[in-house]
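Biologist: I like knowing what stands behind each label. Could you walk me through this one, term by term?

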Amino acid sequence: NGSLDKHKVEARVFTAWKDGDLFFEDAALQDITNNLARNYDYTFVFEDKELAQLGFTLDMRRPAVLQDVLNQISRSMSNIRFRVEAKTVYVSKISVNNK
């Protein structure tokens, strides 16, 4: 329509990668794992589909190994379990009986 709109954005979301950081603000876990899959060459499979939509904020230096990122997420979301088999990461919910 020929008009311009001005919006305030969180620039860190778009520039963190150039500083060697992982930064997601209230992002769906599915979006985070899609990014991790590209950066670390892994496939993620959600065994519990509702986990894919959980909102999560992550701000950390990009580690050399994926397991460091998974450990950080697990510390923040204690009900999530990551099981790595070869180049596939299975994401599941920890039930009270599985602890």
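Modeller: Gladly! Let me start with a pair of strands: E2 and E5 pair in the parallel sense over four bridges. This is a predicted model, in which local features need pLDDT of at least 70 and side-chain atom pairs count only at pLDDT 80 or more, while totals for chains, interfaces and linings use all residues. Residues are numbered from 1 along each chain as its sequence is written, and side-chain values use heavy atoms, with hydrogens and water left out.

Biologist: What makes E2 and E5 a pair?

Modeller: Two strands pair if DSSP finds at least two bridges between them. E2 and E5 have four bridges, so they qualify.

Biologist: How many helices and strands does the protein have?

Modeller: Three helices and five strands, in the order α-β-α-β-β-α-β-β from the N terminus on. Both kinds are DSSP runs numbered from the N terminus: helices are H or I with at least four residues, strands are E with at least two.

Biologist: Why is Thr33 called buried?

Modeller: Buried means under 20% relative accessible area (1.4 Å probe, protein chains only), with exposed over 50% and partly exposed in between. Thr33 has 1% relative accessibility, so it counts as buried. This residue lies in helix H2. Leaving aside residues up to four places away in sequence, Thr33 touches Phe44 and Phe46, where contact means heavy atoms within 4.5 Å. Across the protein, buried residues make up 32% of the 99 residues.

Biologist: Which residues of helix H3 are buried?

Modeller: In H3 (residues 66-76) they are Leu66, Val69, Leu70 and Ile73. They cover an arc of only 100° around the axis, so they sit on the same side of H3. That arc is taken from the directions from the helix axis to the C-beta atoms.
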